[in-house]
Amino acid sequence: MFTTALLISTYNWPDALHLCIQSANNQSVLPDEIIVCDDGSTESTKNLLDDLSQKIDIPIRHIWQPDIGFRLAKI
């Protein structure tokens with residue numbers, strides 16, 4: 001059996017991230033998990049993900065690295 005993870009990269013744009021996660025949650029076939037790859041966003045992104053984790057049935061993992069320049073490919 002296959003499992004599916006949706007990877008979403010982000011950096012300090014919680015409104016766009018919120019829309020992406022809402023869109024994933026509205027699909028007819030849901031991913032088994034959402035992994036948010038965060039290139040150093042502020043606390044507002046973490047707060048959003050904590051809130052959304054309580055509202056949707058898809059598990060959300062938040063992978064964060066410090067903001068020391070553009071390293072989106074590394075995350």
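Good morning. I begin at the end of the chain: leaving aside neighbours within four places in sequence, Ile75 is in contact with Cys37, Asp38, Ile63, Trp64 and Gln65. Contact here means heavy atoms within 4.5 Å. Before I continue, a word on the source: this is a predicted model, in which local features need pLDDT of at least 70, side-chain atom pairs count only at pLDDT 80 or more, and totals for chains, interfaces and linings use all residues. Residues are numbered from 1 along each chain as its sequence is written, and side-chain values use heavy atoms, with hydrogens and water left out.

Let me stay with Ile75. This residue belongs to the segment after β3 (60-64). Helices (H or I, at least four residues) and strands (E, at least two) are DSSP runs, numbered from the N terminus. Between the C-alpha atoms of Ile75 and Ile63 there are 7.7 Å, and the two residues are 12 apart along the chain. Ile75 counts as partly exposed because its relative accessibility is 24%. The classes are these: buried means under 20% relative accessible area, exposed over 50%, and partly exposed in between, with a 1.4 Å probe and protein chains only.

Now the chain as a whole. How many helices and strands does the chain have? There are two helices and three strands, and from the N terminus on they follow the order β-α-β-α-β. The radius of gyration of the chain is 12 Å, which agrees with the value near 11 Å that a compact globule of 75 residues would have. That radius is taken over C-alpha atoms, and the globule rule is 2.2 Å times the number of residues to the power 0.38. Along its principal axes, the C-alpha trace spans about 35 × 25 × 15 Å. Of the contacts with a separation of 6 or more, 76% join residues 24 or more positions apart. Buried residues make up 32% of the 75 residues.

Ser41 lies in the loop between β2 (33-38) and α2 (43-55), while Asn12 sits in the loop between β1 (5-10) and α1. The side chain of Ser41 reaches the backbone nitrogen of Asn12 at 2.6 Å. This is a polar contact, that is, a pair of N or O atoms within 3.5 Å; within protein, one must be able to donate a hydrogen and the other to accept it, and residues adjacent in sequence count only if both atoms are side-chain atoms. Not counting residues up to four places away in sequence, Ser41 touches Thr10, Tyr11, Asn12 and Trp64.

Is Ser41 buried or exposed? Ser41 counts as buried because its relative accessibility is 5%. Asn12, by contrast, is partly exposed, with a relative accessible area of 33%. The backbone of Asn12 also deserves a remark: its phi is near 50°, a positive value in a residue other than glycine.

Finally, the helices. Gln22 is in helix α1 (residues 14-25) and is partly exposed, with a relative accessible area of 36%. Gln22 and Ile56 are 34 residues apart in sequence, yet their C-alpha atoms are 8.7 Å apart in space.

Helix α2 contains Asn47 and Ser53. Asn47 is partly exposed at a relative accessible area of 43%. For Ser53, a relative accessibility of 32% places the residue in the partly exposed class. Which backbone atom lies 2.8 Å from a polar atom of the side chain of Ser53? It is the backbone oxygen of Leu49.

Thank you for your attention.
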